[in-house]
Amino acid sequence: QLQLVESGGGLVHPGGSLRLSCVASESIHYRAIGWFRQAPGKEREGVLCIASFGDVWDYGNSEKGRFTISRDNAKNTVYLQMNSLKLEDTAVYYCAADDVCHDAFFHYWGQGTQVTVSS
């Protein structure tokens, strides 16, 4: 069964940057990988998803251009580059895998990594 492990979270000041990594236990060549987040007291929401062929699906829940998703199939890894972070970006960030990008529940999920934006 596919396993996903997120890393790269931490504490950052407003305006700072973080790069999250999602490493899969097997090839992700034919899989879509999405990044999601859940802030305290709020429902989980989609951030970005990258399809197997590289197209990006934007869930519209973050200011356009601040976050970038990329993949390195050779390393079974997907990255989420987050720039100009804001207080409201504080959340647990999860990566998830499925056959295609979509807005329903993904089949495989990681355990999450905490991102805290605080002054």
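A pocket, as the word is used here, is an open set of grid points with protein on both sides within 12 Å along at least five of seven lines, and its lining residues have an atom within 4 Å of a point. The model examined here is predicted. In it, the largest pocket is lined by Arg 37, Gln 38, Ala 39, Lys 42, Glu 43, Glu 45, Leu 87, Glu 88, Thr 90 and Ala 91. Its volume is about 160 Å³. By residue class, the lining of this pocket holds 5 charged, 3 nonpolar and 2 polar residues.

Along its principal axes, the C-alpha trace spans about 40 × 25 × 25 Å. The radius of gyration is 13 Å, which agrees with the value near 14 Å that a compact globule of 119 residues would have.

Of the contacts in the chain with a separation of 6 or more, 56% are between residues 24 or more positions apart. Buried residues make up 46% of the 119 residues. The accessible surface of the chain comes to about 6,300 Å², and carbon and sulfur atoms account for 48% of that area.

Ser 21 is part of strand β3, which covers residues 18-24. Is Ser 21 buried or exposed? Its relative accessibility is 14%, so Ser 21 counts as buried, the cut-off for buried being under 20%. Leaving aside residues up to four places away in sequence, Ser 21 touches Val 5, Glu 6 and Ser 7, along with Trp 35 and the run Thr 77, Val 78 and Tyr 79.

With a relative accessible area of 41%, Pro 14 is partly exposed, a class that lies between the 20% and 50% limits. Which residues does Pro 14 touch, not counting residues up to four places away in sequence? They are Leu 85, Leu 87, Val 117, Ser 118 and Ser 119. One of these, Leu 87, also belongs to the lining of the largest pocket. Pro 14 and Arg 66 are 52 residues apart along the chain, and their C-alpha atoms are separated by 13 Å.

Methods. Residues numbered from 1 in each chain as written. Predicted model: local features only at pLDDT ≥ 70, side-chain atom pairs only at ≥ 80, totals over all residues. Heavy atoms only, no water. 1 Å grid on protein atoms, 1.4 Å probe; cavity = no way out; pocket = protein on both sides within 12 Å on 5 of 7 lines; lining within 4 Å. Points joined across faces, edges and corners; volume = space filled by probe spheres on them. Nonpolar A, V, L, I, M, F, W, Y, C, P; charged D, E, K, R; others polar. Rg over C-alpha atoms; globule rule 2.2 N^0.38 Å. Buried < 20%, exposed > 50% of the residue type's maximum accessible area, 1.4 Å probe, protein only. Contact = heavy atoms within 4.5 Å. Areas by Shrake-Rupley, 256 points an atom, 1.4 Å probe, with all protein chains shown as cover. Helix = DSSP H or I, 4+ residues; strand = E, 2+ residues; numbered from the N terminus.
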